[in-house]
Amino acid sequence: MAPLGEMATGIAHELNQPLSVIKTASSFLRRKADNGEPIEADILRTMAEEIDNHVDRASKIIGHMRDFGRKSDVVKEKVQVNYVLRRAVDFFKQQLKLREIEVVEDFHEDLPPVLADPNRLEQVFVNLLINARDAIEKKGEQGNHKEEAKRITLKTKAEDAMVTIEVTDTGTGIPEAILHRIFEPFFTTKKVGKGTGLGLSISYGIVQDYDGTIKVESKDGEGATFIIKFPRIHEA
């Protein structure tokens, strides 16, 4: 994981962008007020929306930092992974459909339960779906999809003493040179304003809380597969 200095740099970088926009807008409004100059309604509305959006952006960054730093009590209960995964997909179904991204479910229907918190587990799956969506959209923006399907494949299976979840996308993939950094706090390949770089690091911590593992397999330009494993519960 990244050292404290790198984390501080990441926080400063992420917060600087919304604060700069807010400062620019407030300076403009103050200058107009000091000079007694009127402001057109459309301009005022646009600036108010920009300020509002960037306050939300800063609040989101701070919220992610709190989530990352908070070590809440780890609650463990029997969880059916397929149910939680389907719930996460339902949450995103409409926006994925609007982006013409297909979701393929390949679930082992007799999957044994695992010990976890279903709400925190859903947070992990939502983070992975967001990453998959963004990678697919980025590939489309680069004009690299062509005839290739825009697809997210979700697979679950029981292997020996483990339950395995795989989330595969047809997005841009991850260059080999940065694969080892993908779970570091504040590390992101997204544009400023597109991501805090905390989603995967938070997911990494959640998975570890339930004695699980998470890794990624990817080649640049060929999509990515995130693989999560949890110990299965052996029921009598």
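**Exercise 1. Find which helix holds Asp56, and work out whether Asp56 is buried, partly exposed or exposed.**

Step 1. Asp56 sits in helix α2, residues 41-69. Helices here are DSSP runs of H or I with at least four residues, strands are runs of E with at least two, and both are numbered from the N terminus.

Step 2. This is a predicted model, where local features need pLDDT of at least 70, side-chain atom pairs count only at pLDDT 80 or more, and totals for chains, interfaces and linings use all residues. Residue numbers start from 1 along each chain as its sequence is written, and side-chain values use heavy atoms, with hydrogens and water left out.

Step 3. Now the cut-offs: buried is under 20% relative accessible area, exposed is over 50%, and partly exposed is in between (1.4 Å probe, protein chains only). Asp56 has a relative accessible area of 44%, so Asp56 is partly exposed.

Step 4. Asp56 also belongs to a patch of negative charge on the surface, together with Glu49, Glu50 and Asp52. Patch residues have over 30% relative accessible area and no salt bridge; like charges are joined within 9 Å, and nonpolar side chains (Val, Leu, Ile, Met, Phe, Trp, Tyr) within 5 Å.

**Exercise 2. Stay in helix α2 and describe the pair made by Arg45 and Asp42.**

Step 1. The two side chains form a salt bridge, with the closest N and O atoms 3.0 Å apart. The criterion is a side-chain nitrogen of Lys or Arg within 4 Å of a carboxyl oxygen of Asp or Glu.

Step 2. Look at the spacing: both residues lie in α2, three residues apart, which is about one turn of the helix. An α-helix has 3.6 residues a turn, so residues three or four places apart point the same way.

Step 3. Check the cover. Arg45 is partly exposed at 47% relative accessibility, while Asp42 counts as exposed at 52%.

**Exercise 3. Work out which parts of the chain the salt bridge between Arg86 and Glu109 links.**

Step 1. The side chains of Arg86 and Glu109 meet at 2.9 Å, N to O.

Step 2. This pair links distant parts of the chain, 23 residues apart: Arg86 is in helix α3 (residues 81-98), and Glu109 is in the loop between β2 and β3 (114-116).

Step 3. Arg86 is partly exposed at 31% relative accessibility, and Glu109 is exposed with a relative accessible area of 53%.

**Exercise 4. Trace how strand β4 pairs with strands β2 and β5.**

Step 1. Start with β2 (residues 102-106) and β4 (residues 151-159): they run parallel and are joined by five bridges. Strands count as paired if DSSP finds at least two bridges between them. Glu105 has Leu154 in β4 as its bridge partner.

Step 2. Go on to β5 (residues 162-169), which pairs with β4 in the antiparallel sense over eight bridges. Here Ala158 stands opposite Val163 in β5.

Step 3. Look at the connection: β4 and β5 make a hairpin with two residues between them. Asp160 is exposed, with a relative accessible area of 73%.

**Exercise 5. Explain what the salt bridge between Lys229 and Glu159 ties together.**

Step 1. The closest N and O atoms of Lys229 and Glu159 are 2.9 Å apart.

Step 2. Lys229 lies in strand β7 (residues 224-231) and Glu159 in strand β4, so the pair ties together parts that are 70 residues apart in sequence.

Step 3. Both ends are partly exposed: Lys229 has a relative accessible area of 24%, and Glu159 comes in at 29% relative accessibility.

Step 4. Widen the view, and Lys157 and Glu166 join Glu159 and Lys229 in a network of salt bridges. The structure holds 17 salt bridges.

Key:
Accessible areas come from the Shrake-Rupley method with a 1.4 Å probe; for residues, only the protein chains shown count as cover. Lys and Arg count as positive and Asp and Glu as negative; His and the chain ends are not counted. The place of a charge is taken as NZ of Lys, CZ of Arg, CG of Asp or CD of Glu.
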